[in-house]
Amino acid sequence: MLHSVPVNDLESVIAADKAHVWHHLMQHKALEVSDPRVMVEGKGMRLWDATGREYLDAVSGGVWTVNVGYGRESIANAVRDQLVKLNYFSQSAGSIPGARFAQRLIEKMPGMSRVYYVNSGSEANEKVFKMVRQIAHKKYGGTKHKILYRERDYHGSTITTISAGGQPERNLHYGPYTPGFVAVPHCLEYRAQWDVEDYGERAADAIEEVILREGPETVGALCLEPVTAGGGVIVPPEGYWPRVQEICRKYDILLHIDEVVCGIGRTGKWFGYQYYGIEPDFVTMAKGLASGYAAIAAMVTTERVFEMFKDDDTDPLNYFRDISTFGGCTAGPVAALENMRIIEDEGLLENTTAMGARLMVNLRALMARHEVIGEVRGLGLFCGAELVTDRKTKEPVPEPKVQAVVADCMAQGVVIGATNRSLPGFNNTLCLSPALIATAEEIDRITEAIDGALGRVFG
Ligand SMILES: Cc1ncc(COP(=O)(O)O)c(C=O)c1O
């Protein structure tokens, strides 16, 4: 395999990039005196940049996406075959891969029934918000329209999804926001807001307090990540989820679970919510759905919700009047079908559970060696290590130091992540989400790199 790009080509690529590409999440001043990294090839857990440098990717494409790893020819072939047959027709009609994948997906989601195809996680969440608002109008004269979201959670980059976003640093300066979104407290016990034994139940009770303050007749839905991702890899404490479900039922509030990160195996089950016996009304998913081989996302709901949108066909407005142009691309469901087959045939859920346990054991061992690790958290191949200057006060490590750890790992050829631009002063959690194919050796190499980096950065 030739991993490096010939020098002349590389120079022209870098020049074009520096002249014309606006990278995501980046302050570009630094690129006036340095070159962007250009990734050119991937195989399994490994990546090569344009200079031929090899990396072990511990974050599945930077943002927990490439669940089955790079270079999957079977997905590429399935997509190619479908594209030459029929690349696109609007989702107002059906497609063969769209129907097949919906069926396979629903088999993994007992209690759910209908799949609505879109092309990003933000968009999938927006579809739920629109449905909740339309249900409020249909059933409650518009009153039950508020949507609750949780501090530290993230649901997307559009104005409305940041209005439902619990990460103030990400949202700042993009207001005014969409009205009707109300925050509930986070459930991170490490940074406890209540001094109680049953922290999970207490954090869930805080949601009920918000509902009562707002008036239950005004609250239509509660939107939560099963495990908070970019807000610090927060696994809710025991007792949290059953109480959340109880509260939603008590006040007739629809439960929307955002599985954009956790979905499709990341935590060792098909969906994160399936650890907790939850019965959601809506589930949204994106990233790992086709592991980044195609841009596909989906909003999945129940037959009960679906029925609400077809109960009166004499009213010309009584259906979900929504479209997503690229929701009709056939590459998405065909890639998602093959992605799912790979996860099943290669036993990747089991591997995720086993390797996730190893990653956690390794992280705990690092915690014993490095005072700077205040807590490690995670579920499956989805882990975080929160860095603090003092274990007693839990003072977060300054962000430049966290970034220095990430940079040191990168210099060792291991790509890790860290929370960024989420909560002012609290962008201090290292994030790990290797592909579900990770081997024991790869997991050990990741934690060895972090070990070395923490030693160098914090002495
Ligand atoms: C939990 C969660 N929801 C939604 C989104 C938005 O997805 P997208 O970037 O595909 O719009 C993200 C993206 O990181 C996410 O982490």
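Me: Why is Glu217 called partly exposed?

Reply: Happy to walk through that one. A residue is buried if 20 or more other C-beta atoms (placed from the backbone) lie within 10 Å of its own, exposed if 12 or fewer, and partly exposed in between. Glu217 has 13 other C-beta atoms within 10 Å, so it is partly exposed. One caution: this is a predicted model, in which local features need pLDDT of at least 70, side-chain atom pairs count only at pLDDT 80 or more, and totals for chains, interfaces and linings use all residues. Residues are numbered from 1 along each chain as its sequence is written.

Me: Where is Glu217, and what is it in contact with?

Reply: Glu217 sits in the loop between helix 8 (199-214) and strand 7 (219-224). Helices (H or I, at least four residues) and strands (E, at least two) are DSSP runs, numbered from the N terminus. Leaving aside neighbours within four places in sequence, Glu217 is in contact with Thr143 and Lys144; contact means that the C-beta atoms, placed from the backbone, lie within 7 Å.

Me: What makes Arg152 count as buried?

Reply: Arg152 has 26 C-beta neighbours inside 10 Å, so it counts as buried. Its loop runs between strand 5 (146-150) and helix 6 (159-163). Arg152 also has a positive phi of about 80°, although it is not a glycine. Most residues other than glycine have a negative phi, and most peptide bonds are trans.

Me: Which peptide bond is cis?

Reply: The one joining Gly175 and Pro176, where omega is about 0°. Pro176 belongs to the loop between helix 7 (168-171) and strand 6 (181-184).

Me: How do you know that the length of helix 3 agrees with what it should span?

Reply: The expected span is 1.5 Å times one less than the number of residues. For the 13 residues of helix 3 (residues 73-85) that should be 18 Å, and the end C-alpha atoms are 18 Å apart, so the two agree.

Me: What puts the buried residues of helix 3 on the same side?

Reply: The buried residues here are Ile75, Ala78, Val79 and Gln82. They cover an arc of only 95° around the axis, so they lie on the same side of helix 3; the arc is that of the directions from the helix axis to the C-beta atoms. The face turned away from this buried side carries the exposed residues Glu73, Asn77, Asp81 and Val84. Helix 4 (96-107) and helix 11 (331-345) are among what covers the buried residues.

Terms used:
Contact = placed C-beta atoms within 7 Å.
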